[in-house]
Amino acid sequence: MADNAPIGVFDSGVGGLSVLREIRARLPGESLLYLADSGHVPYGEKSPEFIRARCRAIATFLLEQGAKALVLACNTATAAAVAELRERYPNVPLVGMEPAVKPAAQATRSGVVGVLATTGTLKSAKFAALLDRFASDVCVITQPCPGLVECVEAGELDTEATRSLLQGFVEPLIEQGCDTLILGCTHYPFLRPLLTKLLPATVTLVDTGAAVARHLETVLAARDQLGDGAMTTRFWSSGDPRRLAGVLPILWGENGGVEACPV
């Protein structure tokens with residue numbers, strides 16, 4: 001029997017919509033709940049303790065809305081909070097994010113991999129463990145990207161300011177021979193079109209949104225929880241709901257009503 005309860009997805013802001021798009025494409029029979037914690041964006045500069053507290057509150061709220069599974073569509077939140085949430089909710093399927101270090105290490109031809117990510121992700125023990133496990137034989141150059149999340153939050157995907165900021169982040173990586181670039185924040189896939197203009201055609205961009213959707217499908221199938229209903233999507237924001245509603249046509253591809261987040 002199909003389980004048509006919704007899937008709960010959350011992020012520090014609108015970046016997780018890049019993952020939500022992949023889930024919609026992979027699992028068209030699923031209803032979705034999306035919570036943008038835009039009142040506290042970006043997570044990358046926040047303490048792990050603060051992020052864990054936010055994740056606990058948001059996870060509890062989404063489960064109260066009937067979510068059958070949770071997706072932490074944020075690399076920083078996953079690094080800080082996924083272990084605690086799995087301990088707190090052992091019976092809830094919970095899928096997190098991690099930078100695509102393994103596929104990038106396999107894809108590089110020059111042996112130099114660049115990583116665009118938030119400070120929180122790059123400083124995390126989880127990221128260090130990924131490097132130790134999958135990238136010991138390649139050169140990994142990390143680049144924190146302060147300000148880039150805010151550009152995506154505003155829907156400014158190809159303005160002069162965004163272009164200048166992004167160019168300043170990627171140029172040093174290219175100069176050092178990077179031929180594979182990890183988009184280590186769920187906000188950054190929205191900048192793919194701009195990146196393709198700024199980077200040589202030989203540079204491969206890697207992110208994990210599609211892989212997360214595939215893994216979610218596998219997890220739900222194993223538990224006989226795949227849905228087969230008519231998809232509906234509800235949105236919440238802990239910031240100004242009008243701001244999220246304003247960028248939904250750009251980042252989600254259609255309009256949608258946005259409710260104020262009560263947590």
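The following exercises, with worked solutions, concern a predicted model.

Local features need pLDDT of at least 70 and side-chain atom pairs count only at pLDDT 80 or more, whereas totals for chains, interfaces and linings use all residues. Residues are numbered from 1 along each chain as its sequence is written, and side-chain values use heavy atoms, with hydrogens and water left out.

**Exercise 1. Helix H10**

Determine which residues of H10 are buried and where they lie around the axis.

Solution.
1. Helices (H or I, at least four residues) and strands (E, at least two) are DSSP runs, numbered from the N terminus. The expected span of a helix is 1.5 Å times one less than its number of residues. For the 14 residues of H10 (residues 209-222) this gives 20 Å, and the end C-alpha atoms are 20 Å apart, which agrees.
2. Buried means under 20% relative accessible area, exposed over 50%, and partly exposed in between (1.4 Å probe, protein chains only). Gly-209, Val-212, Ala-213, Leu-216, Val-219 and Leu-220 of H10 are buried.
3. These residues cover an arc of only 125° around the axis, which puts them on the same side of H10; the arc is that of the directions from the helix axis to the C-beta atoms.
4. On the other side of H10, Thr-218 and Ala-222 are exposed.

**Exercise 2. Cysteines**

State how many disulfides the rule counts.

Solution.
1. A disulfide is a pair of cysteine sulfur atoms within 2.5 Å.
2. The sulfur of Cys-151 has its closest cysteine sulfur in Cys-145, 11 Å away, which is too far for a bond.
3. Cys-178 is in no disulfide either, since the nearest cysteine sulfur, that of Cys-139, is 9.4 Å away.
4. The count by this rule is 0 disulfides.
5. Cys-151 counts as buried at 10% relative accessibility, and Cys-178 is buried with a relative accessible area of 5%.

**Exercise 3. Backbone geometry**

Locate Pro-42 and Asp-224, and describe the backbone at each.

Solution.
1. Most residues other than glycine have a negative phi, and most peptide bonds are trans.
2. The peptide bond from Val-41 to Pro-42 is cis, with omega near -5°. Pro-42 is placed in the loop between strand S2 (32-36) and helix H2 (48-64).
3. Asp-224 has a positive phi, near 55°. Its place is in the loop between H10 and strand S9 (233-237).
4. Asp-224 is exposed, with a relative accessible area of 62%.
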